Amino acid sequence: MTSSAERPGTDHGSDTGHDHDHDRVIDEALTRLGLDAKTRLLAGQDLWTLPALPEIGLGSLVMSDGPVGVRGTAWAPGDASLTLPSPTALAATWDPDLAHRTGRVLAQEAHRKGVHLLLGPTINLHRSPLGGRHFETYSEDPLLTARIGAGYVTGLQESGIGATPKHFVANDAETERFTVDNLICERALRELYLAPFEEIVAAARPWALMSAYNSVNGSSMTEHRRLQVGVLREEWGFDGAVVSDWLAARHTERAIEGGLDIAMPGPQTVFGAALAKAVREGRVAEETVDTAVRHVLRLAARAGLLEGAAPAVPAQLRPEPLDGRAVAREIAARSFVLLRNEQNLLPLAPRPGGTLALIGHPAREARALGGGSATVFPAHVVSPLDGLRDALPDGTTLTYAAGADIRDGLGRPDEGFELRAVLRDSAGTVLGEEPVVLGRARWQAGSLPGGADFDAVDSVELTGTFTPPSGGTHRFGTSGLGAFRLTVGGTVLFDGVHEPDSRDPMEALTGRPVPRGAVELSAGEPVRVSLVAGDPKMQYGDLRGVVFSLAHNAAGHEDDRLIEEAVLTASAADTAIVVVATTEAVESEGFDRTSLRLPGRQDELVARVAAANPRTVVVVNAGSPVEMPWREDVAAVLLTWFPGQEGGAALADVLLGRTEPGGRLPTTWPARLQDAPVTRVTPEDGVLPYDEDVFIGYRAWQRQRALPAYPFGHGLGYTEWTYDSIGTDGGTVHVQLTNTGDRQGRETVQLYASPAEPDPRRPARWLVGFTPVTAAPGETVRAEITLARRAFQIWDTAASRWTTVPGRYHLHAARNATASRGPATTVEITG
Ligand code: BGC
């Protein structure tokens, strides 16, 4: 029926028509700016904005995280954002057009919130499944990452909002992220880690790029002249602005000479006054500053903030608005990967009078998104329970059992807590107070509760009651830095100081909670809780605020009863659906994972439910790989990632067959952590060698004995396909395939290349293109796939250039990276 060639992103993001005009206005503006104004423009004036310069008619540029929503400048639940599925989910759609619509929807959000530049997409690679921000990045494959990223950037920018692909480059793990020196050979850098940045710069012309915290081969990325100027600007022609990751710029001369344009956040940074001083003292040439200012003014001009320069996309030329909730639901359903479906249990056909059992804490408290700076606050979340309840036909009964508490680490205090924050001065006088949710104290200096004066604040107390929903051992902890005194029910659990244990200045914001002790409590009997922060003020330069929280965990003691209850619920139903998940203590920012195990007793829960009901479907709500020791013992496994705010509705769509699960794995799924070929994320003496060279993900799995649980590219649908034939026509490959099932279907046709003569320098096979097709039952369709421009090239380090490796190659149309069936053709490539 339909078949579309893959698109690396159109040229919509380009504003070539305006560039000439912009250059003239920018040059003219530059002549009217003094050194102090110029250097001020290169530094944040606060957490998220650049200063306005009225003397040249320049408005203030506003930035916001990304990438699953637009958080805006407040980091608060009151400022809600449309919350889309995790980046791993978007990549699992293998659909650049959907990524393009994602960008458009996010641009609408940005316009609504007064944001000009979105800090995303995150296009680092899945080097190891332990990477803490794995959920926030796309794939282990650079081509898939590039195609999804280019679609996203194009969608944003054609709607007049700038994109900031990040983090340039090789921020692939979190351990010691501020200081780690990643040692990466030039081939791996070019062929893997730089490749998505390169293709996105070429295809979508991003207005900005974010420079990473880490070092690469001895130089901090914010100071990396060879990569930021030599490669990015001179080789690739990047003409946008390079913005630092937050607090990543550490040295005035080295950063400006190294190609950094904007130091964030501000106002106290290595640019601004420090840069003006360096120029006055002859340490930096003023022309170097001018170059950076030009980049920033170009960014501002594109965003419509510079008087006299037409914006890249005038308001009247923005594309038609899309329905954000509908797009969120569509991405979710299209991203779900059906890993296993014995005897076609899915889609479900609930019988009148039948019963469906839904099991699992996350079925009610859905985990819609990952943690860290990617956090946004959805206005609502459709849980699996809400979604199924709404969708099931009359006459079908839905039963629910929580199963087991999933938090085996400390989490946010929720049920049973009533807490308020009380801010006091040194005399103990109350300066302001406010109720808090989830035990979290988090304000910027200018917006403290009750308008309290930041300078006068001496202590902040989180105080109130906790009425335990269940009796037994309750564990408590703290996150944040400094002196704390924690008292629960009259017992002092901690009275001491938490010093930062890493050199990550963002630890107060992103660090894991620290356990402080446990108390035995009785169900329904309230106790007083008090957490006093004795030096509550976080201050990095002029970035000032209060950030700490209480953590709690009551898991465990109820689990035996909850699991029994779940087993009974499952055995009384026609079908059991168990939702399992990771928590924010597992997938977040600022730390890596140490295990791929599901937290709590979820593995046991699944095994017990599956033993009680052979029609058990497991829904895996995680942003990155988890071990699933029970996977062969259950009828179906559906991976839903972090599915965003409409996840539960999409889940009902897929389980009931209104939508086919369209996802294909963007990353190899190991059966056990120890099988994974690349697991090292911890530096030694500050250095992390990428010893595996160009062999990560499926490229590495192909070389070793252990097989993954599911290969890269794997994913079932609700119909069957035969791959009939393959042919080439210049740089285009045609694949003919037939929908042999009995319902309309969508297939992602993947094309892999492999050298006919094994070449030890290269992987056994690699992805060179892909495209979706749809077909009616019985219909034969033709997929057209344009070969990636680097399909037969490697980076020649000695000659410092790309080179085509001549010889015969097999081109294999396959359903995943390891599938051996499917048509193949051989092509002869000349050098
Ligand atoms: C993250 C960036 C993010 C920035 C601002 C940093 O910690 O690495 O991805 O954009 O914070 O929140």
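Colleague: Hi! How far does a polar side-chain atom of Asp65 lie from an oxygen atom of the ligand?

Modeller: Hello! A polar side-chain atom of Asp65 lies 2.5 Å from a ligand oxygen; a polar contact is a pair of N or O atoms within 3.5 Å. This is a predicted model, where local features need pLDDT of at least 70 and side-chain atom pairs count only at pLDDT 80 or more, while totals for chains, interfaces and linings use all residues. Residues are numbered from 1 along each chain as its sequence is written, and side-chain values use heavy atoms, with hydrogens and water left out.

Colleague: And how far is an oxygen atom of the ligand from the side chain of His167?

Modeller: An N or O atom in the His167 side chain is 2.7 Å from a ligand oxygen. For Arg133, the corresponding distance to an oxygen atom of the ligand is 2.8 Å.

Colleague: How many residues surround the ligand?

Modeller: There are 14, counting residues with a heavy atom within 4 Å. The closest are Asp65, Arg133, His167, Asp245 and Glu589.

Colleague: Changing topic, at what angle do H4 and H5 pack?

Modeller: About 35 degrees, with axes 6 Å apart. H4 covers residues 96-113 and H5 covers 142-157. Helices here are DSSP runs (H or I, at least four residues), numbered from the N terminus. Axes are lines fitted to C-alpha atoms over the stretch in contact, and angles run from 0 to 180 degrees between N-to-C directions.

Colleague: Which residues of H4 and H5 make the contact?

Modeller: Among them are Ala99, Gly103 and Leu106 of H4, and Ile148, Gly151 and Tyr152 of H5, where contact means heavy atoms within 4.5 Å.

How values were computed: Helix = DSSP H or I, 4+ residues; strand = E, 2+ residues; numbered from the N terminus. Polar contact = N/O pair within 3.5 Å; in protein donor to acceptor, adjacent residues only side chain to side chain.
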